[in-house]
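Subject: Structure handover

Hello,

Here is the structure I promised you. Please open it beside this email and follow along.

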Amino acid sequence: MTAVERLKNCLKKGELPSFEVIPLNRPLSFHHYQDWLKNQHEAEMNYMRENQDLRENPKSQFTTMKSIIVFEQSYFPWPETSSSPLKNLKIAHYARSKDYHLWFQEKLKNIITSLQQEFPGEDFKAFTDAVPLLERDYGAQAALGWVGKNTCLIHPQKGSLFFIGEILTSIACSEDKPQPLPDFCGSCTACMDACPTQALIEPKKLDASLCLSYWNIESKKLPPVEIRDKMGSWFFGCDICQTVCPWNLKLHKLSPHYFHDQDEFNHHQKYIKNASPTEPTEKDLTEELIWILTQSNKSLMKNLSDSPLSRAGGRGLKRNALIVAANMKLQKLKPLIETYEKEPYWTELAQWCLKKLV
């Protein structure tokens, strides 16, 4: 039995996410990544331009590593529950539980502990997008999916609502890789058609400067007015380009947690029937937005320390809360928004919100 066969047998023991072992070579789509940067589609995510040598050749930093084990871990059911008190705001699926950087990383480290017992002389390192690896590329090379028009890795039986994690290892494997999955997107353009800002400017090409998730997670700035209007009730992230995908609808159309509210359900009328989404009440939304807008930034980070929501920072969460309050016409928040109008940083956004509430 080869070392890789022993490795796979070890990985198959217990409840582990789907995986495949492939050589740690240059990503096949690196040229696509370079073109994306050349066209400045990363917006102000300057970290995307860093460590390009590592992205092209991971062995330049991880000199002993020869192979990569790529894992898929479904969002559902939630492996870990976050202590976040926010239960009703529209939040991207991946961010509704405990931060995956915490629990998925721990899960991979536990796998490494088992592997080191079987292979005491080998090296292993686990990552959950904490280093600049083009992980969707490696996922496609490992036949764990194809890269869809929405830029996500999609599997015909699992859709795209899953996390990707990696373990690099010094164990060498054959250069023979699994047969890549065909691109089953076909002529479908549901994701591109449904994007409210047309951020998917071409199949498999996202302009981050138009993406709602960029503006309510990554960006530290106040979004332009045309973006604010299209954010609707999205408080953190945006799932539209994934949830309209027929490969996800096929799997999740009967799942009660799949739709956020009636607005999101309306995006799916063309693709699905017999679903019964629930919509948070105005009272629930108002209470949660008031909580956000009356907390200090420090208090928000403390209360959301194990949630992906903390990535936006206290100021970012308050920005998002103000925009949602305005777009949802929550009149009860008007007095609170007026207090923000008096603070220089918030004046323009607060005035925009108050005009929307007239």
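Two strands count as paired if DSSP finds at least two bridges between them. Strands of a sheet pair through backbone hydrogen bonds, either parallel or antiparallel. Keep in mind that this is a predicted model.

**The sheet**

Look for an open sheet of four strands, in the order β1-β2-β7-β4. Their pairing is antiparallel. At the edges sit β1 (18-23) and β4 (124-127), each of which pairs on one side only. From one strand to the next, the twist averages 20°.

Now zoom in on β1 and β2 (residues 67-74). Six bridges hold this antiparallel pairing. Within it, V21 stands opposite I69 in β2. Helix α1 (residues 3-11) packs on the sheet and touches β1, β2 and β4. The direction of α1 makes about 160° with that of β1.

**The aromatic rings**

How many aromatic pairs are there? The count comes to 16. Take W103 and F104 to start. Their ring centres are 5.6 Å apart and their planes are at 35°, so this pair is tilted. The reason is the cut-offs: under 30 degrees counts as stacked, over 60 as edge-to-face, and the rest as tilted. Both W103 and F104 are buried.

W103 also pairs with F163. Here the arrangement is edge-to-face, with 5.6 Å from centre to centre and 75° between the planes. Which parts of the chain does this pair link? W103 belongs to helix α4 (residues 100-118), while F163 belongs to strand β7 (residues 162-169). F163 is buried, as is W103.

Y75, Y94, Y100, W103, F104, F163 and F236 form one aromatic cluster.

**Charges over rings**

R228 lies over the face of W352, 5.3 Å from the ring centre. R315 has its charged end over the ring of Y345, at 3.8 Å from the centre.

**A serine in a loop**

Last stop: S233. You will find S233 in the loop between α8 (225-231) and β10 (234-236). Is S233 buried or exposed? S233 has a relative accessible area of 8%, so it is buried; the cut-off for buried is under 20%. The side chain of S233 also makes a polar contact of 3.2 Å with the side chain of K90.

Best wishes

Terms used: Residues numbered from 1 in each chain as written. Predicted model: local features only at pLDDT ≥ 70, side-chain atom pairs only at ≥ 80, totals over all residues. Heavy atoms only, no water. Helix = DSSP H or I, 4+ residues; strand = E, 2+ residues; numbered from the N terminus. Buried < 20%, exposed > 50% of the residue type's maximum accessible area, 1.4 Å probe, protein only. Polar contact = N/O pair within 3.5 Å; in protein donor to acceptor, adjacent residues only side chain to side chain. Axes fitted to C-alpha atoms, helices over the stretch in contact; angles between N-to-C directions. Contact = heavy atoms within 4.5 Å. Phe/Tyr/Trp six-rings, centres within 6.5 Å; stacked < 30°, edge-to-face > 60°. Lys NZ or Arg CZ within 6 Å of the ring centre and 35° of its normal.
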